[in-house]
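This briefing goes through one protein chain by topic. It takes helix packing and the sheet in turn, then turns to single residues.

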Amino acid sequence: MDETDRAILDELRRDARTSMSEVASRVGISRASAYARVKRLVDDRVIRSFTIDVDHAALGLGLPAYVHVRIKQNSWKSFRTKVWELEEAAHVALVAGDFDCVILLRARDAAHLRELVLERIQSLPEVVATQTVLVFEEHVGPA
């Protein structure tokens with residue numbers, strides 16, 4: 001990885017649909033070089049996927065919340081599998097600290113969030129305790 005690779009990544013993070021010609025122009029390299037570098041970044045699994053940025057509020061899921069979860073010992077794999085069955089789960093992480101896991105949920109409203117946490121997550125046999133943190137504003141990347 002060099003500065004040119006990092007610049008290419010920055011351009012693609014801003015908009016993964018940017019043409020290779022445009023990426024090359026912005027970074028100051030040839031189109032062929034940009035293609036070759038992106039291919040290498042994909043082959044080396046530096047770039048794992050090309051994604052879209054979704055307006056969750058426009059989809060009716062405008063209430064994000066982080067749910068911190070304490071789980072029973074040795075239950076991470078089964079817990080993780082069950083949490084990913086929730087279509088509202090956007091991110092699931094095993095963490096260190098007072099809680100074992102953090103889940104980013106996207107709910108329609110407070111009643112939907114309540115149902116997700118109190119009825120669906122807390123009812124899982126792996127769960128010992130939860131703490132919910134509402135998100136008031138989100139920012140992804142340097143913007």
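The model is predicted. Helices α1 and α2 are oblique to each other, with axes that cross at roughly 130° and come within 10 Å. Elsewhere in the chain, four strands form an open sheet with antiparallel pairing.

**Helix α1 against α2**

- Helix α1 covers residues 3-14 and helix α2 covers residues 20-27.
- The crossing of these two helices, α1 and α2, is right-handed.
- From α1, the residues Thr4, Ala7, Ile8, Glu11 and Leu12 meet Val23, Arg26 and Val27 of α2.
- By class, the residues of this contact between α1 and α2 are five nonpolar, one polar and two charged.

**Helix α3 and its two helix partners**

- Helix α3 spans residues 31-43, and its axis comes within 11 Å of the axis of α1.
- The axes of α1 and α3 cross at roughly 85°; angles from 65 to 115 degrees count as roughly perpendicular, and α1 and α3 are therefore described that way.
- On the α1 side the contact uses Thr4, Asp5, Ile8, Leu9 and Leu12, and on the α3 side Arg37, Val38, Arg40 and Leu41.
- The residues of the contact of α1 with α3 divide into five nonpolar, one polar and three charged.
- Helices α2 and α3 pack with their axes 8 Å apart, at an angle of about 105°.
- This pair, α2 and α3, is therefore also roughly perpendicular.
- Met20, Ser21 and Ala24 of α2 make the contact with Arg31, Ala34, Tyr35 and Val38 of α3.
- Five nonpolar residues, one polar and one charged make up the contact of α2 with α3.

- Apart from neighbours within four places in sequence, Ala34 is in contact with Met20, Ala24 and Ile29.
- Ala34 and Glu126 are 92 residues apart along the chain, and their C-alpha atoms are separated by 47 Å.

**The sheet**

- The strand order is β2-β3-β1-β4.
- Strands β2 (89-94) and β4 (127-134) stand at the edges with a single partner strand each, so one side of each has no neighbour in the sheet.
- With direction ignored, neighbouring strands of this sheet are turned by 20° against each other on average.
- Strand β3 (residues 101-107) runs antiparallel to β2, and five bridges join the two.
- Leu94 has Cys101 in β3 as its bridge partner, and Ala89 has Leu105 in β3.
- In the hairpin of β2 and β3, six residues lie between the strands, and one of the hairpin's residues, Gly97, takes a positive phi near 130°.
- Strands β1 and β3 also run antiparallel, joined by seven bridges.
- In β3, Ala107 is the bridge partner of Leu63.

**Cover over the sheet**

- Helix α4 (residues 76-83) lies across β1 (63-71), β2, β3 and β4, and runs at about 170° to β2.
- Helix α5 (residues 110-121) lies across β1, β3 and β4, and runs at about 140° to β3.
- How many residues of β3 are buried? Seven of the seven residues in β3 are buried, and the strand is mostly covered.
- In a regular strand, side chains alternate between the two faces of the sheet.
- In β3, Cys101, Ile103, Leu105 and Ala107 point one way, while Val102, Leu104 and Arg106 point the other way. Arg106 is buried along with the rest of these residues.

**Loop residues with positive phi**

- Most residues other than glycine have a negative phi.
- Arg45 is a residue other than glycine with a positive phi, near 65°. Arg45 is found in the loop between α3 and β1.
- Arg45 counts as exposed because its relative accessibility is 54%, and the cut-off for exposed is over 50%.
- Asn74 has a positive phi near 60°, and its place is in the loop between β1 and α4.
- At 82% relative accessibility, Asn74 therefore counts as exposed.

Methods. Residues numbered from 1 in each chain as written. Predicted model: local features only at pLDDT ≥ 70, side-chain atom pairs only at ≥ 80, totals over all residues. Heavy atoms only, no water. Axes fitted to C-alpha atoms, helices over the stretch in contact; angles between N-to-C directions. Parallel < 35°, antiparallel > 145°, perpendicular 65-115°, else oblique. Left-handed = near helix turned anticlockwise from the far one by under 90°. Contact = heavy atoms within 4.5 Å. Nonpolar A, V, L, I, M, F, W, Y, C, P; charged D, E, K, R; others polar. Pairing = 2+ DSSP bridges. Buried < 20%, exposed > 50% of the residue type's maximum accessible area, 1.4 Å probe, protein only.
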